[in-house]
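Here's a quick tour for anyone meeting this structure for the first time. Have a look at the model below, then read on.

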Amino acid sequence: MRATQLGELPFSRFAERHPVWTVLTALAVLAVVWLIFAPWPDGLEDAIGRKKIFLNAVFNGITLGALYFLVASGFTLIFGLMKNVNLAHGSLYLLGGYIGYEFVDATGSWLGAFVVVFVLIGLLGIVLQYLVFRRMEGQDLRQTLVTIGISVVLADIMLWIWGGQSYQILSPEWLTGPTTLPIISSIRRSGEAVYLTFPAVRIAILVASIALGVLMWLALNRTRIGMLVRAGVDDREMLAASGIRVQLVFVGVFAFGAGLAGMAGIVGGTFQSVVAGEDMRFLLASLVVVIVGGMGSILGAALGAVLIGLAEQLGSVYAPTYSVVLTFLIMAAVLAFRPQGLMGR
Amino acid sequence: MAVAEHPDQTRSDGAPAWLAAVPRWWWVVGVAMLVMPIVASDFVLFQIFGWSFILGMIALSLMFLAGYGGMVSLAQMSTAALAGYMVAVFGTSGVDAISMHWPWWLYVPTAILIAVLFATMIGALAVRTSGIYTIMITLAIAAAFFYFTRQNYGIFNGYSGFANVVPPDLFGLNWRRAMPFYYLSLGCAVLSYLAVVYVSRSPFGLALQGIRDNPRRMAALGYNVTAHRVAAYAFAAVIAAVAGILLVWQNAQISPGTAGLPAVIDILVIAIVGGLGRPIGPFIGALIYVVLQVFSPDILTALGLAGDRFKLLIGLGFLAVVYWSPDGVLGLWDQWRTRRDRAADPLTGDTP
């Protein structure tokens with residue numbers, strides 16, 4: 001009996017098998033929680049700088065992780081089900097960002113852009129599935145090469161249309177400006193606590209990503225469609241033999257994953273910017289997240305995304321010229337000790 | 001990606017077996033290459049052929065890994081660029097704060113050695129997985145290398161990289177002039193080609209091809225699968241490193257863009273378009289790529305498009321090759337030959 005790959009919470013089994021690692025992980029999490037919530041003693045501030053900087057890096061890292069999760073979850077879902085690496089995933093992200101920018105620019109509706117982009121990029125995903133993946137089923141390498149070719153072509157077409165300048169998608173007014181979080185960033189001499197402020201739009205993105213992640217997990221583990229998808233991951237032939245139209249499931253998952261990447265493009269364009277070259281950055285992020293988290297696992301994608309987001313932001317604050325190395329070291333360590341990824345099988 | 005190997009036939013008509021085994025048209029190409037400087041302009045020698053040889057060598061290192069080892073590594077450009085960077089760091093460049101001004105006989109081997117160590121580490125990581133995972137991991141490593149060289153100023157001098165990296169004045173020659181550089185790159189390309197052919201027929205190369213086809217059986221026969229794969233990465237790195245050194249000498253500069261993701265993907269495109277089946281494929285692919293790149297403004301303008309859409313042309317060409325002829329241009333050639341050989345005899349209707 002194989003356990004299902006896409007969903008499942010393997011914590012209890014993990015705790016039984018590796019008590020030492022569980023304790024170490026719990027201690028690390030506790031230490032981070034303490035660092036975030038407790039006012040820092042003076043010695044610590046002298047050693048690693050002010051708490052406000054640390055908090056900002058942590059929260060930026062988690063929000064970046066949320067964005068990475070949006071991109072990587074579609075990637076990992078497609079990979080888990082169809083065993084094909086869609087190296088044009090970053091291009092779908094960037095195209096989503098550009099289309100979202102045009103839509104927001106024309107109509108001013110930020111939320112509407114999500115719907116439009118999800119539908120358009122989802123359709124593009126369906127076209128890709130029909131033209132490329134269905135025709136080359138079982139030929140992993142060729143599929144991968146074709147998606148590389150598509151990403152080259154798409155990147156150049158986008159450069160042609162939108163040029164090299166960067167675009168910023170404007171967030172709606174109700175999300176503009178800072179919010180105050182119930183977390184103490186420093187204590188004034190008068191003993192009054194200063195609370196951390198953080199852009200509202202980032203909080204919204206974080207909340208939306210978590211909600212989406214939970215929804216995806218529920219859909220995969222508690223619905224009939226999720227059951228079909230999980231069955232397709234485990235044994236495609238048996239699923240087809242029991243009368244399910246597997247190709248339809250594939251098309252659906254591909255469209256959903258592609259649409260998700262497109263929506264992530266709007267999110268990225270709102271709190272960073274849309275510019276040529278981002279496609280490769282987010283393709284790389286998806287690759288690393290999926291390698292670290294484990295191929296085909298939603299939970300792994302979430303874990304990997306937060307890890308990589310945190311590593312990138314903390315690295316750029318505390319070791320500016322070596323932050324990429326930190327990301328890379330995490331990947332290398334995972335590959336060395338757990339080649340199938342943290343949550344992979 | 002099957003690689004056909006023809007064992008040397010022994011002949012008894014005086015000439016040594018290995019000499020007689022060389023096909024006739026190879027002599028033609030060889031002589032043409034040697035006398036090329038008489039007819040070709042400096043631009044053709046330096047930009048078109050010099051660059052083709054260099055890109056062909058980097059793609060050859062990929063072809064060796066992919067064709068004989070079944071491992072498509074996208075980190076070959078990074079290995080080459082690292083060797084180029086090391087030449088700039090240990091040798092002489094425009095950045096005096098970093099360059100160490102070693103003599104050439106010291107910095108060239110050091111650069112190659114460091115690049116080989118780097119590739120061996122990549123290999124040790126990448127061989128833990130296989131197939132498309134190798135592509136993903138090496139792509140991630142290549143991207144990490146690019147971002148690292150861009151943000152690191154202590155060793156790689158960040159965004160600007162190194163300028164004024166020139167080859168040493170050996171034998172009183174300026175090796176960046178067209179004709180000497182042409183012969184230098186031709187010599188290196190021929191040597192690496194012969195090295196790949198030789199290694200592919202050596203016991204090591206045969207074991208590698210066995211591992212490509214069936215790793216479990218080879219492991220059962222007592223071959224160390226991991227060690228062979230990692231060694232293949234190390235061997236391919238030597239070729240890539242030499243090419244990287246030539247590249248930095250040709251451009252006289254190196255910067256993060258040298259190993260940026262577009263460059264990394266270009267190497268894959270070259271190897272695939274040429275064909276992963278035989279070691280000559282990457283050089284054919286490189287020549288096509290360079291000619292297209294150099295003349296693309298003219299081609300595109302003739303087609304009524306803007307002159308700077310070179311990437312579109314390359315991308316579409318690559319897609320066409322992968323879609324219709326997975327074995328590249330060499331595959332097309334082979335298909336044509338088989339069809340010609342299989343053609344029915346017009347008189348009897350027999351197929352040979």
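How many residue pairs are in polar contact across the interface of chain A and chain B?

## Polar links across the interface

Keep in mind that this is a predicted model. The rule picks out two residue pairs in polar contact across the interface of chain A and chain B, both at pLDDT 80 or more. As for salt bridges between chain A and chain B, the rule finds zero.

## What chain A brings

Let's look at the chain A side. The top contributor is α7(A), with 15 residues.

Sorted by class, that side of chain A has 35 nonpolar residues, along with four polar and six charged ones.

## How much is buried

The size of an interface is often given as the accessible area lost when the parts come together. Here, about 3,700 Å² is buried between chain A and chain B, and carbon and sulfur atoms give 80% of that. Chain A puts 45 residues into the contact, while chain B puts in 34 residues.

## A nonpolar patch on chain B

Chain B also has a nonpolar surface patch of about 700 Å². Its members are V31(B), L34(B), V35(B), I38(B), V39(B), M179(B) and Y183(B).

Two helices of chain B, α2 (24-39) and α7 (178-201), each give two or more residues to this patch. α2(B) supplies the largest share, five residues, while Y183(B) sits in helix α7 of chain B.

Key. Residues numbered from 1 in each chain as written. Chains lettered and ligands numbered in written order. Predicted model: local features only at pLDDT ≥ 70, side-chain atom pairs only at ≥ 80, totals over all residues. Heavy atoms only, no water. Contact = heavy atoms within 4.5 Å. Buried area = accessible area lost by both parts, 1.4 Å probe. Salt bridge = Lys/Arg side-chain N within 4 Å of Asp/Glu carboxyl O. Polar contact = N/O pair within 3.5 Å; in protein donor to acceptor, adjacent residues only side chain to side chain. Helix = DSSP H or I, 4+ residues; strand = E, 2+ residues; numbered from the N terminus. Nonpolar A, V, L, I, M, F, W, Y, C, P; charged D, E, K, R; others polar. Patch = residues over 30% accessible without salt bridge, like charges linked within 9 Å, V, L, I, M, F, W, Y side chains within 5 Å. Areas by Shrake-Rupley, 256 points an atom, 1.4 Å probe, with all protein chains shown as cover.
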